[in-house]
Amino acid sequence: MDRETLSRAYDNSGAVADSAERLAGWRDRSARLRARHPRELDLAYGPAERNRVDLFRCGAVDAPLFVFIHGGYWMRNSRQDFACMAEGPLAHGIDVALMGYTLAPEAGLTEIAAEIRAGLRFLRGREEGRAHRRLVVSGWSAGGHLAALAMGWPDVDAGLAISGVFDLEPIRGTSLDDRLHLTEEEVDALSPIRHVPRLDTSLAIVCGANELPELRRQSSDYADAWRRHGNASIFTELRDHDHFSILDELIRPDGTLTALALQLARAGAR
């Protein structure tokens, strides 16, 4: 594909007519959730302004922890906009953390990945003196990419990658790279599909059946690569869902993504 065609192939917002309205709805719903759970907001895990975590507790002692990383092609949105993604897991006895990170172009992708790793270490550090509890890392879109990167890190017990990008080479050929400025070295080092770990760690990879073909291909290819390495995994395309509507399945306590989060938090994929 030429640059214009490739850019359209990854334009999730342009492909979903009501994407702006959906984001606005999540922001409103998230603000209400944050108002109901103000106790552990804006916890600093690093020196940068966006190095913050919001932690929502279900009330159960030593509950599993579900960490959600927001999307926006590494250059848009904030953790506060996505607090409502905690609603489904919270209803099932799972604590939820929403992690922020510095956006491009203020930070390059190498730095962003390092911030996510620091945030996960911070969350583990808060558990010192307590029994180890299962940590599931998750994310949507660009957050799905960052969650996939984290699968090889020691702080992670399982993962749920939603509508992610797992090979950065096509992104380098789009208009997104005007702000990301990806180098060849970053494409190689930070493409999860090129560095699949051999682990007992479980991963679920999910996208919408109505997503752009490139996003569906990225998820399918990554699931194939994960399985070729003998890792436990789940791959599914959710019927009737696009890049944005898919997150309804995490907000809802009876949603498909909530059920996957619960499975991963309690026992992992089988």
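The largest pocket is lined by 15 residues, with A148, L149, W153, A189 and H195 nearest its centre. The model is predicted: local features need pLDDT of at least 70, side-chain atom pairs count only at pLDDT 80 or more, and totals for chains, interfaces and linings use all residues. Residues are numbered from 1 along each chain as its sequence is written, and side-chain values use heavy atoms, without hydrogens and water.

**Pocket**

The largest pocket holds about 170 Å³ of space. A pocket is an open set of points on a 1 Å grid over the protein atoms alone, where a 1.4 Å probe fits, with protein on both sides within 12 Å along at least five of seven lines; lining residues have an atom within 4 Å of a point. The volume is the space filled by probe spheres set on the points, which are joined across faces, edges and corners.

Helix 5 (109–125) and helix 6 (142–149) each supply at least two lining residues. Helix 5 gives the largest share, 4 residues. Helices (H or I, at least four residues) and strands (E, at least two) are DSSP runs, numbered from the N terminus. The lining divides into 10 nonpolar, 4 polar and 1 charged residues. Here Ala, Val, Leu, Ile, Met, Phe, Trp, Tyr, Cys and Pro count as nonpolar, Asp, Glu, Lys and Arg as charged, and the others, Gly among them, as polar.

**Strand 6**

All 5 of the 5 residues of strand 6 (residues 158–162) are buried, so the strand is largely enclosed by the rest of the structure. Buried means under 20% relative accessible area, exposed over 50%, and partly exposed in between (1.4 Å probe, protein chains only). A158, L160 and I162 are buried on one side, G159 and A161 on the other.

| Partner of strand 6 | Sense | Bridges | Bridge pair |
|---|---|---|---|
| Strand 7 (residues 202–208) | parallel | 5 bridges | I205 with A161 |

The chain crosses from strand 5 through helix 6 to strand 6 in a right-handed β-α-β crossover. Right-handed means that, with the strands pointing away from the viewer, the path from the first strand over the helix to the second runs clockwise.

**Cysteines**

The structure holds 0 disulfides. A disulfide is a pair of cysteine sulfur atoms within 2.5 Å. The sulfur of C58 lies 18 Å from the closest cysteine sulfur, in C84, too far for a bond. C58 is partly exposed, at 26% relative accessibility. C207 is buried, with a relative accessible area of 0%.

Key
Pairing = 2+ DSSP bridges.
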